[in-house]
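Thanks for coming. Please have the sequence and the model open while I talk.

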Amino acid sequence: MKLQRAAALLQAARRVVVMTGAGISAESGIPTFRDAQTGHWARFKPEDLASPEAYWKGPEVVWEWYAGRYRDVMAASPNRGHTLLAELEHRKLAQHGEGAFTLVTQNVDGLHLRAGSRPPLELHGNLTHGRCEACETVQPLPAPETFVPPPTCTRCGSRMRPNVVWFGEMLPQDVLEAAQLAFERADVALVIGTSSQVYPAAGLAGVTRQCGGMVTEINPDETPLSGQASFSLRATASAGLAALMGTQD
């Protein structure tokens with residue numbers, strides 16, 4: 001399939017679903033999960049910090065790492081890829097109404113919302129929020145310049161943990177089910193900046209294909225999805241979306 005055909009199908013689609021991964025935020029200067037292990041943290045593996053066992057063993061250490069990531073995320077700005085997706089969302093909703101666009105992300109940085117998108121389906125949570133260990137209330141973290149971890153739940157006073165999915169934990173079932181339904185119904189699925197190696201997220205694009213929809217991948221590198229996608233564009237998120245949407249920078 002050629003770019004012109006993929007662009008035409010995206011423009012005509014009445015239901016679009018998008019999956020984003022770390023690649024879209026890389027253009028904002030946010031390192032991938034594993035690349036974040038630098039400096040003092042280079043002596044740790046991500047598994048040493050992002051697991052329930054690590055948290056119960058040393059919550060102060062885990063919170064120190066997440067507090068640093070939180071400050072980095074809040075210092076970053078959404079890039080052209082994020083804003084183009086927000087534009088596409090607004091366009092599809094205006095044309096076809098509720099249900100015409102669903103944004104699913106594996107990222108935990110909150111940049112889609114800051115770019116103007118409606119709240120996405122966050123498969124792995126959001127590190128700009130904490131979740132109460134006792135009552136499970138989810139609340140935004142204090143401003144980075146005043147944040148001293150760990151946060152305390154304003155509802156019950158208990159300690160809060162990072163609101164992210166750790167190794168060994170299940171994805172939130174309601175979010176996963178909503179994402180599955182969106183991929184089932186989609187005329188076009190866009191898979192942007194993800195390695196397509198982490199399941200169950202990596203299997204969602206196949207659902208669209210099985211249901212008769214088109215899958216377009218945007219990624220600078222070849223992935224396991226590349227050979228199965230209807231169209232695979234070797235480009236960054238911002239450049240690929242600009243080409244598909246016919247938008248000039």
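Start with the largest nonpolar core of this predicted model. That core has 25 residues, and Leu10, Val18, Leu85, Leu190, Ile192, Leu241 and Leu244 touch the most other members. Which of them gives the most? Helix 10 does, with 5 residues.

Stay with helix 10 for a moment. Here 7 of its 9 residues are buried, so helix 10 is largely enclosed by the rest of the structure. The buried ones are Ala237, Ser238, Gly240, Leu241, Ala242, Leu244 and Met245. They pack against helix 1, helix 2 (22-26), helix 6, strand 7, strand 8 and strand 9. After helix 10 comes Gly246, with a positive phi near 65 degrees.

Now take Leu10. Leaving out residues up to four places away in sequence, Leu10 touches Val16, Leu88, Lys92, Val188, Leu190, Leu244 and Met245. There is also a second, separate core of 21 residues, and Tyr70, Ala76, Leu127 and Val164 are among its members.

Val188 was on the contact list of Leu10. Val188 belongs to strand 7. Is Val188 buried or exposed? With a relative accessible area of 2%, Val188 is buried, because the cut-off for buried is under 20%. Again without residues up to four places away, Val188 touches Leu9, Leu10, Ala13, Arg15, Val16, Val17 and Met214. From Val188 to Leu127 the C-alpha atoms are separated by 29 Å, and the two residues are 61 apart along the chain.

Next, the aromatic rings. The count comes to 6 aromatic pairs. One of them is Tyr55 with Trp166: the ring centres are 5.2 Å apart and the planes are at 40 degrees, so this pair is tilted. Tyr55 is in helix 4 (residues 52-57), while Trp166 is in the loop between strand 6 (160-164) and helix 8 (173-185), so the pair ties together parts that are 111 residues apart in sequence. Both residues, Tyr55 and Trp166, are buried. Ring pairs also link Tyr55, Trp56, Trp65, Tyr66 and Trp166 into a cluster.

What sits over the ring of Trp166? The charged end of Arg161 does, 3.7 Å from the ring centre. In the other case, the charged end of Arg69 sits over the ring of Trp65, 5.0 Å from its centre.

On to the second largest pocket, which holds about 340 Å³ of space. Its lining consists of 22 residues, and Glu122, Gly125, Asn126, Val138 and Asn163 lie nearest the centre. Helix 7 (111-114), strand 4 (125-132) and strand 6 each give two or more residues to this lining. Strand 4 gives the most, with 5 residues.

Last, Ser196. Where is Ser196? Ser196 is in the loop between strand 7 and helix 9 (204-210). Its relative accessibility is 9%, so Ser196 counts as buried.

Terms used: Residues are numbered from 1 along each chain as its sequence is written. This is a predicted model: local features need pLDDT of at least 70, side-chain atom pairs count only at pLDDT 80 or more; totals for chains, interfaces and linings use all residues. Side-chain values use heavy atoms; hydrogens and water are left out. A nonpolar core is a set of buried Ala, Val, Leu, Ile, Met, Phe, Trp, Tyr and Cys residues joined through side-chain atoms within 4.5 Å. Buried means under 20% relative accessible area, exposed over 50%, partly exposed in between (1.4 Å probe, protein chains only). Helices (H or I, at least four residues) and strands (E, at least two) are DSSP runs, numbered from the N terminus. Contact means heavy atoms within 4.5 Å. Rings of Phe, Tyr and Trp (its six-membered ring) pair if their centres lie within 6.5 Å; planes under 30 degrees apart count as stacked, over 60 as edge-to-face and the rest as tilted. A charge sits over a ring if NZ of Lys or CZ of Arg is within 6 Å of the ring centre and within 35 degrees of the ring normal. On a 1 Å grid over the protein atoms alone, a cavity is a set of points where a 1.4 Å probe fits but cannot get out, and a pocket is an open set with protein on both sides within 12 Å along at least five of seven lines; lining residues have an atom within 4 Å of a point. Grid points are joined across faces, edges and corners, and a volume is the space filled by probe spheres set on the points.
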